[in-house]
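Student: I should like to learn how to read a protein model. May we go through one together, feature by feature?

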Amino acid sequence: MTESWLTQSGAPQSGAPPSWVDGNELAGALAEVFAVDVTTAQGVCAGCGRMAPVAETRVFDRAPGLVARCVGCSAVLLRVVRGPDRIWLDLRGMACVQIAMPGTGGASPDGPGA
Amino acid sequence: MAAARTETPAARTLELDVPDWPAHRPGQHVDVRLTAEDGYTAQRSYSVASTPGTGRLELTVQRIDDGEVSPYLVDVAQPGDAFEVRGPVGGYFVWDDADPAPVLLVAGGSGIVPLMSMIRARSAAGLRVPFRLVYSTRSPDITIYADELRRRQRDDRGLDLAYAYTRGVPPGWRRPPGRLDGALLREAGWPADLGPACFVCGPTGFVEAAANLLVDQDHPADRIKTERFGPSGGGAA
């Protein structure tokens, strides 16, 4: 996994950067595992501390699985690989996930940090 | 697959009958998986185009020439064919019809698809929430949903449309061909102090540029929801 195609600002360099989409793409794969929609949650990057909706991460999907990276520092936040009879899920890069829950009070409708 | 209709030379709407399909929320997508005879599978995400809770599930798919899935869906699949869909999924890029805030939709090419589901949902529910759509497309002849949008512009009260044609413009069009810019967004969008909910969908580069323009116009980041297709903008999500 090379970082060299990302500039300091995280913008893709000219040349042939890998294509990326965003964390919305993770919804189907994660729905197989979690009872809530994790793409609406706020994730905290273990590398730089940036908090952002999981749906707004950068997702690279031209691999055997899906790799989500932090928009701020490009560190890997999450990897998910679906095999025929199992799923590998690597969440090391995510220090914390905040999930808005209905009816628990306190949280704004837009979720923590809004 | 129950039926299909051609939208443009490169895009087709597939009407699917899915057993026990739950109503989607406008903006959600599905994952489509194709399996070859040798067991090889390919999966892509496509936005739902249709009105929630009514009739068949509709996906509008734009062909990516070197794609693995979209050429099949646009050119090959016939009524009677079957393939796997998973969904509806994605709770982030979703318009909440209980939110009274005005809505700004910004579409790049086939990024119109999930935004069209929002426009159709608004109309079907008889809501008057003011909607503005700014639609960047190459030229009028390859504009997905051009006829329906023309009709809705006339009939759907509170829906305003503006186009940024990037290559070819209709005769007498006052804006020269060019990309979406801040001036057009300012003119055809909503001022930030009205607190609009903004939805931006299209190819990754388009979404990055359009979201930055909105931030430059003081829209708060948490009111700008985005969905990126990748470099060439064929699928969704």
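Student: How many helices and strands does the secondary structure of chain B come to?

Tutor: Chain B comes to five helices and eleven strands.

Student: What are the mean pLDDT values of the two chains?

Tutor: The pLDDT is the predictor's confidence in each residue, from 0 to 100. Chain A has a mean pLDDT of 82, and 75% of its residues reach 70 or more. Chain B has a mean of 94, with 97% of its residues reaching 70 or more. In chain B, the pLDDT is below 50 over residues 233-237, a stretch with 27 contacts in the model beyond near neighbours in sequence. In chain A, residues 1-15 stay under 50, and the model has 22 contacts for them beyond four places in sequence.

Student: How should such stretches be read?

Tutor: Where pLDDT is low, the predicted coordinates should not be read in detail.

Student: What ipTM and pTM does the predictor give the complex?

Tutor: For the complex, the predictor gives an ipTM of 0.91 and a pTM of 0.90.

Student: Why can chain B be said to agree with a compact globule?

Tutor: One compares the radius of gyration with the value for a globule of that chain length. For 237 residues, a compact globule would have a radius near 18 Å; chain B has 17 Å, and therefore agrees. Along the principal axes, the C-alpha atoms of chain B fill a box of roughly 55 × 40 × 30 Å.

Student: Which residues make the nonpolar surface patch?

Tutor: The patch is made by A:V33, A:F34, A:L89 and A:L91, and covers about 280 Å². One of these residues, A:L89, lies in strand 7 (residues 87-90) of chain A. With a relative accessible area of 32%, A:L89 is partly exposed.

Student: How many salt bridges does the structure hold over all chains?

Tutor: The structure holds 28 salt bridges over all chains. In one of them, the side chains of B:R228 and A:E56 meet at 3.4 Å, N to O. This pair crosses between chains: B:R228 is in strand 11 (residues 224-228) of chain B, and A:E56 is in the loop between strand 3 (51-53) and strand 4 (58-60) of chain A.

Student: Are B:R228 and A:E56 buried or exposed?

Tutor: B:R228 counts as buried at 7% relative accessibility, and A:E56 is buried with a relative accessible area of 14%.

Student: Where in chain B do B:R150 and B:D147 lie?

Tutor: Both lie in helix 3 (residues 146-155); because they are three residues apart there, about one helical turn separates them. B:R150 counts as exposed at 53% relative accessibility, and B:D147 counts as exposed at 58%.

Student: Which parts of chain B are tied together by B:E187 and B:R174?

Tutor: The side chains of B:E187 and B:R174 meet in a salt bridge at 2.8 Å, N to O. B:E187 lies in helix 4 (residues 182-188) and B:R174 in the loop between strand 9 (159-165) and helix 4, so the pair ties together parts that are 13 residues apart in sequence. B:E187 is exposed at 52%, and B:R174 is exposed at 71%.

Student: Which residues are linked in a network of salt bridges?

Tutor: Such a network links B:R5, B:E7, B:E15, B:D17, B:R56 and B:E58.

Notes
Residues are numbered from 1 along each chain as its sequence is written. Chains are lettered from A and ligands numbered from 1 in the order in which they are written. This is a predicted model: local features need pLDDT of at least 70, side-chain atom pairs count only at pLDDT 80 or more; totals for chains, interfaces and linings use all residues. Side-chain values use heavy atoms; hydrogens and water are left out. Patches are made of residues with over 30% relative accessible area and no salt bridge: like charges are joined within 9 Å, nonpolar side chains (Val, Leu, Ile, Met, Phe, Trp, Tyr) within 5 Å. Accessible areas come from the Shrake-Rupley method with a 1.4 Å probe; for residues, only the protein chains shown count as cover. A salt bridge is a side-chain nitrogen of Lys or Arg within 4 Å of a carboxyl oxygen of Asp or Glu. Helices (H or I, at least four residues) and strands (E, at least two) are DSSP runs, numbered from the N terminus. Buried means under 20% relative accessible area, exposed over 50%, partly exposed in between (1.4 Å probe, protein chains only). Contact means heavy atoms within 4.5 Å. The radius of gyration is taken over C-alpha atoms; the globule rule is 2.2 Å times the number of residues to the power 0.38.
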